[in-house]
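Hi,

Here is the structure I promised to send over. Have a look at it first, then read on for what turned up.

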Amino acid sequence: MKIRNIRIVDYESTTAVADNIEQLRIAIKNQKSGLRKNDFPFSDLDTWIGRVSAIDDIDLGEWQSRNNAMAAYGLQQGTILAQLENLKTRFRPSRVGIIMGSSTSSIDRTETAYRHLDENGALTAEYQQATVHNPHGPGLFVAHQTGVTGPAITINTACSSSAKVFATGARWLQSLVVDAVLVGGVDTLCYSVLHGFDSLQLLSQDPCKPFDNDRDGINLGEASGYAILMRAEDCETDTGIELAGYGESSDAHHMSHPHPEGLGAKQAIESALTMAKLPAEEIDYINLHGTSSQANDSIEGKLIGSMFPSSTQCSSTKGWMAHTLGAAGITEALIAIDAARTDLIPGSLNLSNLDNELDFSITAENIERPLTHVMSNSFGFGGNNCCLVFSKIDSNKDSA
Amino acid sequence: MSDNILRCSIKAVGGWGQNYTNWQELSELLTTGATAENTASSPKPEIIPANERRRAPLPVKLAVESSWQATQSAGLDPKGLACVFVSGLGDTQLTDYMCKVLATENMQLSPTKFHNSVHNAAAGYWTISTGCMKAANSVAGFNESVSLAILEAVTQCVQEQAPVQITFYDAPSSEILKPLLKNDQSFSASLIIEPVLESNQNDSNLLEMQLVSQATEWPELDLETHLDTSYKQNPSARILAVLNMLTKDSADTVLLPLSAETSLQLTLHNPKLVN
């Protein structure tokens, strides 16, 4: 499809390391991580987490869940809501769409409800929230919170969820079914994921060390991220960044283990490059999936080493805010976009010694360098892969 | 701009539910008004290897069975088909399992049940069983799951000029969540849609999709009693509003609720009962 037509109008990211993009830039510049030893209430797992404490006390009444609190807190940051108000007035609220990505939706609330069942084992009044206890919870809540009345959908493909929102957003815009679209991702810490990943023996007892020789597992985190996308011809202002290409694929291998040769991931990367009409060597920076698990980093690292030259600089940013699952796709896409706008590549935090079997350009230190084309990888359970490419609109001009 | 029409054609249908085991039986229930009888409580999709099938949750088996039927009927290899899976309720039996275990002291989850709890479990089992490496999507739209999944799949089919398989499936709700998510019916249906050229206006089962800026309710259908229960309870069974048009003699239009202020208008031209 014709792609070079989708502009990023605005974006915001909220994670354990920073409430918004402005703070994130400072944290990245100072190489300050947001990880902490697990202090999630009633969880005694020996691991590190990326927790956003600011959402602990948010009360949303009938919409209450930790996930919705995260979504609401993220929406308050920067100019996202103000931009949406402008677009609702300019096009009508029904011509704006919402595409949310999440892996947990609001299962945190269902967990809490089950700990407060009445004497008959039934849900108590406080927890009788049909619009919260279902996988479309994030889409329903963000539509409610923003007053957007156009189509709102939730994509739940585990850890690729909020990368795929960009692909769906591009298709909706190109099909003219909406004039602007708010794409987002939200996921929060809950016992399902903490104890689920623990059951798979994937959690590290220390801060995660993506691609390091001594990595021994992942850290879990929570986040929200949003971006407003529009067709270029309709933009009055934008960030100077376009969605240049996307690639979506399946591993067809296993529910929780990546394909041993990364064939699905390779296909997603190749599709994204083809759509962007770029050879691999044109990619200046890749924000890798880099979970710090043995399997992912080994497979992804070998694949990147085989596909990209040493001039393509890479990093995993999970050492800053942990693996935020369904919110990781957009969180890391926005880090890549912001790297292109600021010409600063975030380092791969906590990397001391690159895995002996890997050979590609990655370092713990930040690098200042002019960037034109950036990429972000997201791979999820079920073998669900998505790769995104973003470009500065006119590489001959300084558009940042 | 809002009168922009997107076109595709429906190539094949598959289905498995409380009262039918394939599209032929379902289409007979839609056309003859015969009283339905209960089928087995779960399909046994042969395409999932036996050891995996034992571990596959009911919603996955529903989705894979109807997906397989549709691709077989279309004569298409699933390897070449992008897919969109939608469930309005998710796997509430697994949610129930997880939340019960997590309400106890030890919080020890089964790793298999944990990885099966992802909403894209059906897409995962499907792509693994068939060797499909194409884009697989898994979406949710609560009460508007059917219309939102059609929007998602048709825009994908048109923009990428490639066929797409869409599977709508929901299984009965767990006891504790049933007061909120009132569904005790198993229902699954799959469609294979293909791009159409402007010149091919005479294609059978040509589907025209258009967004309309007005709210609407799900249309009343004259359905056999059991199907009517599914249609009212099960978010995925609302695809019956579209499947019903396939059984008619002439073109028909339905307006489906999509969001607070939009509806999805679907017109089916040249209906032909595909098998």
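**A helix packed in from both chains**

Let's start with helix α7 of chain A: its buried residues pack against α4 (107-114) and β7 (220-221) of chain A, together with α4 (92-102) and α5 (111-116) of chain B. Keep in mind that this is a predicted model. If you want to click through the buried ones, they are Y191(A), S192(A), V193(A), L194(A), H195(A), G196(A), F197(A) and D198(A). After the helix comes Q201(A), which has a positive phi, near 55°.

**Where the chains touch**

How many residues of chain B are in contact with chain A? There are 59 of them, and they meet 58 residues of chain A. On the chain B side, α4, α5, α6, β3 (136-140), α7 (145-160) and β7 (252-259) each supply at least two residues. Which of these gives the most? That is α7(B), with 8 residues. By type, the chain B side divides into 33 nonpolar, 21 polar and 5 charged residues.

Strands pair across the two chains too: β5 of chain A (residues 152-155) and β3(B) are joined by 2 bridges in the antiparallel sense. To find the spot, look for T154(A), whose bridge partner in β3(B) is A140(B).

β2(A) and β3(A) (residues 48-50) run antiparallel and are joined by 2 bridges. Here R36(A) sits opposite I49(A) of β3(A).

**Two crossing helices in chain B**

Last stop: α3 (residues 58-74) and α6 (residues 121-130) of chain B. They pack at an angle of about 50°, and their axes are 9 Å apart. α3(B) and α6(B) are therefore oblique to each other, and α3(B) passes α6(B) in a right-handed crossing. On the α3(B) side the contact is made by P59(B), V60(B), A63(B), V64(B) and S67(B), while α6(B) brings A121(B), A122(B), Y125(B), W126(B) and S129(B). This contact between α3(B) and α6(B) has 8 nonpolar residues, 2 polar and no charged ones.

Cheers

Terms used: Residues numbered from 1 in each chain as written. Chains lettered and ligands numbered in written order. Predicted model: local features only at pLDDT ≥ 70, side-chain atom pairs only at ≥ 80, totals over all residues. Buried ≥ 20, exposed ≤ 12 C-beta atoms within 10 Å, placed from the backbone. Helix = DSSP H or I, 4+ residues; strand = E, 2+ residues; numbered from the N terminus. Contact = placed C-beta atoms within 7 Å. Pairing = 2+ DSSP bridges. Axes fitted to C-alpha atoms, helices over the stretch in contact; angles between N-to-C directions. Parallel < 35°, antiparallel > 145°, perpendicular 65-115°, else oblique. Left-handed = near helix turned anticlockwise from the far one by under 90°. Nonpolar A, V, L, I, M, F, W, Y, C, P; charged D, E, K, R; others polar.
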